[in-house]
Amino acid sequence: MEEFVSHSKRNGQSVGLVPTMGALHDGHLSLVERAVGENDITVVSLFVNPTQFNNPTDLATYPRDEESDLRLLSGAGATVAFAPGVEDIYPGGVENRARKEFDLGTVAEVMEGKFRPGHFQGVAEVVSRLLRLVRPDRAYFGEKDFQQIAVIRRMTETEGIDVDIIACPIRRADDGLALSSRNALLTPEQRAIAPEIHRALAGSVDYARSHSVRATHDTVVEQIEGVPGLRVEYFEIVDGRTLLPVEEWEESPWIVGCITVYCGDIRLIDNIAYKK
Ligand code: AMP
C-alpha cells in the first residue's frame, strides 16, 4: 500500500481515502463515488477495527462480506481496496500494540463518547494509522456518524496530519432509515419499525419552528418510545460545532439533533439538522 501510494504521488496523482469497516452499502458507495470524482486515485479501506468496539458481541456479530465489497468497489470505480489484517494495522497484535492516549477534547466526551467508553480512542487510533499509511490528500466520512467527523477533525489537528476531511450527506433507504451495515442484523419485524427513528426526527424539524428545544426533544423521544421494540439511548440537540447541548434555538447558527436507538439488541444512530 505504501509503495503504491508513493509511486502515485511521484506521478503527481492525488489520493482520496474512504475508511470503512466493510459490509458495504449505498451509503459507503456515495463516499466512494465522491472520492472517485475528486481524486486520481481512490483507496477504500475495509477493516473491522477491534479497538473501537466496546462491546465484544457487537464485534463478533459485525457483518462481513468481502466478496460482495470487492464487487461493489470495482463497480464504483475505486482504484484500490485495502483490506489489511489486524497484524498489519497493529503489529504484534491488539494486546501488545503501543498504546497512546489521543487528545480529542470535549467533542469526544459527549453522546457516543459517554455511552461507548474508549470508542473514539479506537477510532482515532485506526484512522490516524490509516492516514499515515495512505497519506491521502482527502479523506471522506459520512455525516451519519456526525460526532465521528468532529472527533477526526480534532485528531488530525492535534496529530498534525495534513489532510482535507470531507463530510458527505447521509444516504437513506426509501422509507427513510439511514443505511447502515448493522441494518443487515435486523429481523424483518425490527426492520419494519426502524424507519420510525427518521420519521420522528424529520417530523420534528417543522415542530421545532413553533416549539422550544425541550419540547422538540421530548416529542421525538415520545414518538420513538411509543413504538414497542424501540428504546432511545440518548437524544441530544447540540451545537453542530462544539456538540454541546443547546437550550434555545437562538444559541447557535448550526443545531443538530443526534440520536441513538436500540431496536432490540441492535444499536442504530441517526441525526437531523434543525439549523445550518
Ligand atoms: P462504517 O463502515 O460503518 O465504519 O462506515 C464507513 C464510513 O461510511 C463512515 O464515514 C460512515 O459515516 C459512512 N457511512 C455509513 N453509513 C452511511 C450512510 N447511510 N450515508 C453516508 N455515509 C455513511
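Helices α10 and α11 are roughly antiparallel to each other, because their axes cross at roughly 155° and angles over 145 degrees count as roughly antiparallel, under 35 as roughly parallel, 65 to 115 as roughly perpendicular and the rest as oblique. The model is predicted: local features need pLDDT of at least 70, side-chain atom pairs count only at pLDDT 80 or more, and totals for chains, interfaces and linings use all residues. Residues are numbered from 1 along each chain as its sequence is written, and side-chain values use heavy atoms, with hydrogens and water left out.

Helix α10 covers residues 196-208 and helix α11 covers residues 213-225, and their axes come within 9 Å. Axes here are lines fitted to C-alpha atoms, for helices over the stretch in contact, and angles run from 0 to 180 degrees between N-to-C directions. Helices (H or I, at least four residues) and strands (E, at least two) are DSSP runs, numbered from the N terminus. The crossing of α10 and α11 is right-handed; a crossing has this hand if the near helix is turned clockwise from the far one by less than a right angle, and is left-handed if anticlockwise. On the α10 side the contact (heavy atoms within 4.5 Å) involves Glu196, Ile197, Arg199, Ala200, Leu201, Ser204, Tyr207 and Ala208. Their partners in α11 are Ala215, Thr216, Thr219, Val220, Gln223 and Ile224. By class, this contact has eight nonpolar, four polar and two charged residues. In that scheme Ala, Val, Leu, Ile, Met, Phe, Trp, Tyr, Cys and Pro count as nonpolar, Asp, Glu, Lys and Arg as charged, and the others, Gly among them, as polar.

Val227 lies in the loop between α11 and β6. Val227 has a relative accessible area of 15%, so it is buried (under 20% relative accessible area; exposed is over 50%, partly exposed in between, with a 1.4 Å probe and protein chains only). Leaving aside neighbours within four places in sequence, Val227 is in contact with Ile193 and Glu196. Glu196 is also one of the α10 residues that meet α11. The C-alpha atoms of Val227 and Val126, 101 residues apart along the chain, are separated by 37 Å.

Arg97 is in the loop between α5 (86-89) and α6 (112-115), and at 12% relative accessibility it counts as buried. Not counting residues up to four places away in sequence, Arg97 touches Thr51, Tyr90, Glu125 and Arg129. The C-alpha atoms of Arg97 and Glu87, 10 residues apart along the chain, are separated by 9.6 Å.

A further helix pair is α2 and α4. The axes of α2 and α4 (residues 66-76) come within 10 Å and cross at roughly 35°, and the crossing is right-handed. Leu29, Val32, Glu33 and Val36 in α2 meet Leu72, Leu73 and Ala76 in α4. This contact has six nonpolar residues, no polar ones and one charged.

The loop between β1 (15-20) and α2 (26-38) holds His25. His25 is buried, with a relative accessible area of 17%, and touches Leu179, Ser180 and Ser181, not counting residues up to four places away in sequence. Ala23 is found in the loop between β1 and α2 as well, and is buried at 14%.

Most residues other than glycine have a negative phi. Ala23, however, has a positive phi of about 50°. Phi of Leu243 is also positive, near 65°. Leu243 is placed in the loop between β6 (230-239) and β7 (255-263), and counts as buried at 0% relative accessibility.

The structure holds zero disulfides, a disulfide being a pair of cysteine sulfur atoms within 2.5 Å. For Cys168, the nearest cysteine sulfur is that of Cys258, 17 Å away. Cys168 is buried at 2% relative accessibility, and Cys258 is buried at 5%.
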